[in-house]
Amino acid sequence: MLNWANQFSISVFLDNSEYTNHRYHTYECLLAVNPVFYISASEGDTLDTLHQRHILQPDWLFGHLNYDYKNQLFSKLPSSKQNKFSFPDLYFFCPQTVCYIAKEKDSLTIETLTSDADAIFDDILSASYESAVFLPSIAFTKRIQESAYLETIINLKEHIRNGDCYEINFCNEGFAENAIINPLHAFQKLQQLSPAPFAAYYRHRDQFLICSSPERYICKQQNKVISQPIKGTIKRGANQHEDEEFIHTLYDSGKDRAENVMIVDLVRNDLSRSCEVGSIDVEELFGIYSYPSVHQMISTVTGNLAENSPFTDVLRYSFPMGSMTGAPKLKVMQLIEQYELAKRELFAGAIGYITPAADFDFNVIIRSLFYNQQTRYLSYQTGGAITYDSIPQQEWEETLLKAFNLEKLFKS
């Protein structure tokens, strides 16, 4: 499917990577290609345009929200840093063809606006398969070096001590210039190395997202809205005994619990702006989920969409996701703009789908590579939640842990 889809200048592949223990998944994977029409912030379109277009033509929509779409949602949030990529702040397209495998993994469905789904199926089966056998050796440079990073953490803790905020997500970029890679091969390798329940391969002309995200941003199933923020990370153990010790360490960590519950409270508040009064519920608090290189602490917050509210209100009042900002949201986004040296762009944004029935599912774009094929610029960003209890050196090491698999792809 991926090799067949790569012929199109715009395509999205979303993969659950067979994580059967994650609730609320509807599909094992989805593929969408070839826009029939699109909605783009570069054309002046907004979430209102998205909602109105879906009412007029209720069909599949696939696309993304850049982190910097926040500037349309909050009036006091300019972004002055340089764009390295050309992803519009908002972009959704109605695909000519959608292919999906349901979570039961017992069928492949092809929906197409062309005349023959069988022909598309035959084309997929006959598409030449390019095995990812080689990726170049690439060294990444940190945008903020260790000493400056540690100093910034101290400054952010001072903001917390002064009462400006009580948690802030601070990130750092790793980048490489003049990098020549095959993006599809990189995604295939990353899926082998670090499969994730919200993985994504996204081609937008000459811009590529190669994503192994473990985090759901927001999901809607009928009138139920689900958010599953991640806060709390620890590495995997060398053996089962050590692994279990790390799980207990993460679960019992007062710092990680404090980070997690702060964001749960923020998500509850965000969802209350689009959901029925009294419907907000924390279905799971401090759940521990395991991935190839890390354990994560994940909580689940749900609510019921208010009657007569457009589905886009869920996005409008919760974006950007609290797990990638901190709290209070407006102030920490101002501090992020002040202290981070790289523009986030698609990082810390979301990619996903909207169904004809206006259900949707979006991830949080983390653990991801971004590639500009035209300029040969390759980058990633990693970070973590800073609280008053944060230890600067441990925060630095957490960014390295989250970047490990992304850099490992390019080590000879």
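**Entry 1: the ground rule.** I'm working from a predicted model, so I treat everything below as computed.

**Entry 2: the acidic patch.** I looked for charge on the surface and landed on a negative patch made up of D116, D118, D122 and D123. I picked D122 to follow up and found it in helix α4, which covers residues 117-126. Is D122 exposed, partly exposed or buried? I looked up its relative accessible area and got 47%.

**Entry 3: strand β18.** Next I went to β18, residues 368-372. I checked cover residue by residue, and 5 of its 5 residues came up buried. Then I asked which way the side chains go. S368, F370 and N372 point one way, while L369 and Y371 point the other way. Both sets are buried.

**Entry 4: the partners of β18.** Which way does β9 run relative to β18, parallel or antiparallel? I traced β9 (residues 207-213) and found it antiparallel to β18, with 5 bridges joining the two. For a landmark in that pairing I noted C211, which sits opposite S368 of β18. I then turned to β19 (residues 377-386), which is also antiparallel to β18 and is joined to it by 3 bridges. My landmark here is F370, standing opposite S379 of β19.

**Entry 5: the turn.** β18 and β19 form a hairpin, and I counted 4 residues between the strands.

Methods
Residues are numbered from 1 along each chain as its sequence is written. This is a predicted model: local features need pLDDT of at least 70, side-chain atom pairs count only at pLDDT 80 or more; totals for chains, interfaces and linings use all residues. Side-chain values use heavy atoms; hydrogens and water are left out. Patches are made of residues with over 30% relative accessible area and no salt bridge: like charges are joined within 9 Å, nonpolar side chains (Val, Leu, Ile, Met, Phe, Trp, Tyr) within 5 Å. Accessible areas come from the Shrake-Rupley method with a 1.4 Å probe; for residues, only the protein chains shown count as cover. A salt bridge is a side-chain nitrogen of Lys or Arg within 4 Å of a carboxyl oxygen of Asp or Glu. Lys and Arg count as positive and Asp and Glu as negative; His and the chain ends are not counted. The place of a charge is taken as NZ of Lys, CZ of Arg, CG of Asp or CD of Glu. Buried means under 20% relative accessible area, exposed over 50%, partly exposed in between (1.4 Å probe, protein chains only). Two strands pair if DSSP finds at least two bridges between them.
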